Amino acid sequence: CFAILADECKDQSKREIIGVSLRYVSNGLVKERAVGFVETSDLSAQSIAEKIVEVVSFFALDPDDCVGFSFDGASVMSGNRKGVQALLAKVYKRGMYTHCHSHRLNLVLSTATKSETAFKNMFDSLDQLSTYFSGTKRHAKLMELQKEMRPDKQLSELANSSATRWISWSTSTEKVLNLYYVLLHALRHFQEDRDGETRMQAYGLYGLMHNKQFLFLLVAFNRVFQVVSQATIALQKPSLSCDMVWDILCVSKQCL
């Protein structure tokens, strides 16, 4: 028996690529193997389903041995009537669709953070800090101050976040906390900059980083991310069973 996993992404040359993996049991051990990457210019459910079938068919597997498929929850993949999973069910009649549990956790937390304006403002502020220090001159100053103030630490850059990958905020939050005093020194430096826009932005960000609510949420969410990151990594292990998924989610809920 086997299950099909697939996802779509862009490669470095901006081509749309569909990656296909198979999940199966060998000698009592669960295995996951990437078995194909195909380019497509058509991201319709019909096209994606055909590409997946094309990859899997190469291995001459019995369709009746397919017991499931797992994707993210995008409507093109999960639609009950015209989604990829519905189209694949016509070929692999015993297959049951499972929405990736790690992705579901990501969506739940993403929705929760949008329920409170203060949370959204905090994450927007992290983005502003990352954007501000992406400029060549400001980035160079940040690196210079790190060498002076943290000579025994590895140089670090602020991380960009992804709206579709909520867990990417974990790295962003942790880095701002680790570089907190370095960032303050850098912003004080740019408060004297000749460029008016650079100077005004530095004043604004400096005041933001002294805001008690921002600091509280920064520390609180860093603790939340420590729990969620462990759960996210655990939910991606190939050897997971359904009862293990349940245990991971229950333990994470208790920790939170």
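In which loop does Phe58 lie? Phe58 lies in the loop that runs between helix H1 (45-57) and strand S4 (66-71); helices (H or I, at least four residues) and strands (E, at least two) are DSSP runs, numbered from the N terminus. The model is predicted, with local features requiring pLDDT of at least 70 and side-chain atom pairs counting only at pLDDT 80 or more, while totals for chains, interfaces and linings use all residues. Residues are numbered from 1 along each chain as its sequence is written, and side-chain values use heavy atoms, with hydrogens and water left out.

The protein contains 11 helices and 5 strands. Its radius of gyration is 23 Å, well over the 18 Å that the globule rule gives for 256 residues, so the protein is more spread out than a compact globule. The radius is taken over C-alpha atoms, and the rule is 2.2 Å times the number of residues to the power 0.38. Along the principal axes, the C-alpha trace spans about 70 × 40 × 35 Å. Of the contacts with a separation of 6 or more, 60% are accounted for by residues 24 or more positions apart, a contact being heavy atoms within 4.5 Å.

The accessible surface of the protein is about 15300 Å², and 53% of this belongs to carbon and sulfur atoms. Areas come from the Shrake-Rupley method with a 1.4 Å probe; for residues, only the protein chains shown count as cover. Buried residues make up 41% of the 256 residues, where buried means under 20% relative accessible area, exposed over 50%, and partly exposed in between (1.4 Å probe, protein chains only).

In helix H8 (residues 180-190), the buried residues include Tyr180, Leu183, Leu184, Leu187 and Phe190. Among the elements that cover the buried residues of H8 are helix H5 (117-132), helix H6 (136-149) and helix H10 (212-234).

Phe58, by contrast, counts as exposed because its relative accessibility is 69%.

Cysteine pairing was also examined. With a disulfide taken as a pair of cysteine sulfur atoms within 2.5 Å, the count is 0. Cys1 is in no disulfide, and the nearest cysteine sulfur, that of Cys66, is 9.2 Å away. Cys255 is likewise in no disulfide; for this residue the nearest cysteine sulfur belongs to Cys250, at 11 Å. Cys1 is exposed, with a relative accessible area of 63%, and Cys255 is exposed at 53%.
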